[in-house]
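The exercises below ask you to read a pocket, a helix and a strand residue from a model. Try each task before you turn to its solution.

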Amino acid sequence: MKVRMALTAAEKTGYMKAALRLARKGLGLVSPNPMVGAILVRGGKIIGNGYHRFYGGPHAEVYALEAAREKARGSDLYINLEPCSHFGKTPPCVDALIAAGIRRAFIGMQDPNPLVAGSGIKKLRAAGIAVETGMLEQECRQLNEAFIKYITRKNPFVYLKLAATLDGKIATAEGDSKWITCDASRALVHRLRSEVDAVMVGIGTVIKDDPLLTARLKTGAGENPLRVIVDSRLRMPPGSKLLKTARAVPTIIATTDNSALSRQAALKKIGVEILTTTARKGRVDLGQLMKKLGKRGVSTVLIEGGSELSAAALQAGIVDKVLFFYAPKITGGTHAPAMVGGAGINKISAAIRVRDIRYKRVGDDILVEGYISNKY
């Protein structure tokens, strides 16, 4: 009988890549939990796989074990994140893996959750299961970068999205901005909305554009994010689409503790939630706001604000990643608004640095992505 030789490094990497692809299927569905994919391999064949499908539901390992059944004994596990070892909404996955009799575990990265933080790996090894960690760790960390920040800092991972012409204008001098980018870029933004916990704009954008801020996908309605409007003086227009739909789509107005209590009460009556922060130069303290959103389980925020909110967010140091869409158009105009407003920076040497830049073609547009904060 021909015996199957040990798997090559390329084969092992291939299985981990497959686990990562599975994990990504949970994007926008499992927050604030991480995205996890698991694959069980025996004799060079996949005998079971699964991914974390929804928050509060079974973890990836459970689905993989259910698919493999008795074949799981003696198999190898490939998983992008350390199996949990504590009781949460579900029992510890480590116990199920040990009971199933797996032989080895290839784990992409240690779980940064303080409730796990290596204890799952220790428990597997104590049961006699060989464990190898760090396979495709960079890819594993990038996939769950928002979870890593949230679980270690209790603050949401913040994306700043802006769309501009090639000369950096987000509108003409007369304020016209529909539409700068192409259909494909706008479709991508709607998909992004369906994948984050909250989308945030400033009151200036609401007054100018009257946005709905829902996820409208080509395949139908997406999962709508929590809508957050930064409105320091409660200037919210009574007839805005956001207020008209506040009972159907969760909506928060972030204001200062100096804003009129009567106006706050009126907004609450029509289904809006009010979050207050102390005033910082008369405006909402964005750092405080992020902490309050984090306490309510918001792990990702997509800022779609105009130039002033963008400047304030960058100045407050809350932005983790930028997504800048550039359309092949030039408008010019000394008084046309630029992507980032505010007072600006006086010296180039003090400019905000963006690292790990990536470029992507989206229809006729170019998407530039990069990170501002440290890696998580």
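Helices and strands are DSSP runs, a helix having at least four residues and a strand at least two, and they are numbered from the N terminus. The model used throughout is predicted.

**Exercise 1.** Describe the second largest pocket by its volume and by the elements that line it.

*Solution.* Begin with the volume, which is about 900 Å³. Of the 35 lining residues, those closest to the centre of the pocket are R24, L27, L143, Y159 and K321. Next, sort the lining by class, which gives 16 nonpolar, 8 polar and 11 charged residues. Finally, look for elements that supply at least two lining residues each, among them the helices α1 (9–24) and α5 (137–143) and the strands β16 (321–327) and β17 (355–362); the largest contribution, 4 residues, comes from α7.

**Exercise 2.** Decide whether V362 is buried or exposed, and find its contacts.

*Solution.* First place V362 in strand β17. Its relative accessibility is 8%, and because buried means under 20%, V362 counts as buried. Then, leaving aside neighbours within four places in sequence, V362 is in contact with C182, A184, S185, L188 and L367.

Definitions and conventions. Residues numbered from 1 in each chain as written. Predicted model: local features only at pLDDT ≥ 70, side-chain atom pairs only at ≥ 80, totals over all residues. Heavy atoms only, no water. 1 Å grid on protein atoms, 1.4 Å probe; cavity = no way out; pocket = protein on both sides within 12 Å on 5 of 7 lines; lining within 4 Å. Points joined across faces, edges and corners; volume = space filled by probe spheres on them. Nonpolar A, V, L, I, M, F, W, Y, C, P; charged D, E, K, R; others polar. Buried < 20%, exposed > 50% of the residue type's maximum accessible area, 1.4 Å probe, protein only. Contact = heavy atoms within 4.5 Å.
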